[in-house]
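User: I would like to learn how to read the local features of a model such as this one, taking them in turn. Please show it to me first.

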Amino acid sequence: MFLAMTCHALGLYAQNDAPNKQSPLTAKQQSIITISALTARGELQTLKPALNQGMDAGMSINEIKEVLVHLYAYCGFPRSIRGLQTFMEVLAERKADGIIDVEGAGASPINHKADKYERGRTILGELTQTAPEKPMTGYGAFAPVIDIFLKEHLFADIFERDVLTHAERELVTISVISAIGNAAPMLRAHLNICLNVGYTPSQLQHFVSVIKPTIGKKAAKEAQRILSEELHHKRQ
């Protein structure tokens, strides 16, 4: 009963996984948003029913683990590890209740022989649909090592893993950035990437409504402001 009430309060329930005009994001996508935002904020008790809802929406164990691992790049190891520990508790409780969850496919081996920096640079270029700057400017020129970490680790090591699609990883990313706040340029950039990887404006509008109960009215209003500016810019 508590689980049902909490899920209802969070707006987590969805009738099916098929997009429609009223609910352009699928149940799985909505679960990715809520799980990511709650983990980023460290709200572990509320995360538990969200994890249950994710499993009930058809997410595999490995997909949820990948969501929780991916978000460490944006909100740090402490939040990510606490999310994983909470997920372990949820799985143990579900097993005790006789629920058999699907493990799902693990990550395929990455055997690329190409330079890791260039692999990451290529993936970033595909996501942004631009050629990444070279030579570097801005923060990359100020602290070149972070540009190396960004290209080699985030966009090569992490984004090359195939448990989640690039579109799903971007949904995790904008959820975490919205949840932690005060990172408007990054949110702006990743909302643009979301459009590049196939999300529609209506789906991104729905993203804001899904994440609002988790991050609060003020943070959701800021996310909506940035999204509206970007959609206006795209229309021009």
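User: By class, how many nonpolar, polar and charged residues does the lining of the largest pocket have?

Analyst: Before the count, note that this is a predicted model, in which local features need pLDDT of at least 70 and side-chain atom pairs count only at pLDDT 80 or more, while totals for chains, interfaces and linings use all residues. Residues are numbered from 1 along each chain as its sequence is written, and side-chain values use heavy atoms, with hydrogens and water left out. The lining of the largest pocket has 20 nonpolar, 6 polar and 3 charged residues, where Ala, Val, Leu, Ile, Met, Phe, Trp, Tyr, Cys and Pro count as nonpolar, Asp, Glu, Lys and Arg as charged, and the others, Gly among them, as polar.

User: How should I read a pocket, and which residues lie nearest the centre of the largest pocket?

Analyst: Rolling a probe the size of a water molecule over the atoms shows where empty space is left. On a 1 Å grid over the protein atoms alone, a pocket is an open set of points where a 1.4 Å probe fits, with protein on both sides within 12 Å along at least five of seven lines, and lining residues have an atom within 4 Å of a point. Here 29 residues line the largest pocket, with L124, Y139, L150, F155 and A189 nearest its centre. Its volume is about 920 Å³, a volume being the space filled by probe spheres set on the points, which are joined across faces, edges and corners.

User: Which elements give two or more residues to that lining?

Analyst: They are helix 5 (72–75), helix 7 (116–128), helix 8 (138–142), helix 9 (144–158), helix 10 (166–180) and helix 11 (184–196), helices being DSSP runs (H or I, at least four residues) numbered from the N terminus. Helix 9 provides the largest share of the lining, 8 residues.

User: How many aromatic pairs are there?

Analyst: Rings of Phe, Tyr and Trp (its six-membered ring) pair if their centres lie within 6.5 Å, and planes under 30 degrees apart count as stacked, over 60 as edge-to-face and the rest as tilted. The count comes to 2 aromatic pairs. The rings of Y72 and F77 have centres 4.3 Å apart and planes at 20°, so this pair is stacked. Y72 has a relative accessible area of 15% and is therefore buried, given that buried means under 20%, exposed over 50% and partly exposed in between (1.4 Å probe, protein chains only).

User: How many salt bridges does the structure hold?

Analyst: Side chains of opposite charge can pair when their charged atoms come close. With a salt bridge taken as a side-chain nitrogen of Lys or Arg within 4 Å of a carboxyl oxygen of Asp or Glu, the structure holds 17 salt bridges. One of them joins E89 and K48 at 3.1 Å, N to O, and this pair links distant parts of the chain, with E89 in helix 6 (residues 77–96) and K48 in helix 3 (residues 44–56), 41 residues apart. E89 is partly exposed at 37% relative accessibility, whereas K48 is buried at 15%.

User: How far apart are the closest N and O atoms of R225 and E229?

Analyst: In the salt bridge of R225 with E229 the closest N and O atoms are 2.7 Å apart. The two residues are 4 apart in helix 13 (residues 217–235), so about one helical turn separates R225 and E229. R225 is partly exposed at 36%, as is E229 at 34%. A network of salt bridges links R188, E222, R225, E229 and E230.

User: What is the count of disulfides?

Analyst: A disulfide is a covalent bond between the sulfur atoms of two cysteines. With the cut-off for the sulfur pair set at within 2.5 Å, the count comes to 0 disulfides. C75 is in no disulfide, the nearest cysteine sulfur, that of C194, being 17 Å away. C75 is buried, with a relative accessible area of 19%, and C194 is buried with 0%.

User: Where is Q129, and what is its phi?

Analyst: Most residues other than glycine have a negative phi, and most peptide bonds are trans. Q129, although not a glycine, has a positive phi of about 60°; Q129 is in the loop between helix 7 and helix 8 and is exposed at 54% relative accessibility. N182, also a residue other than glycine, has a positive phi near 55°. N182 sits in the loop between helix 10 and helix 11 and counts as exposed at 86%.
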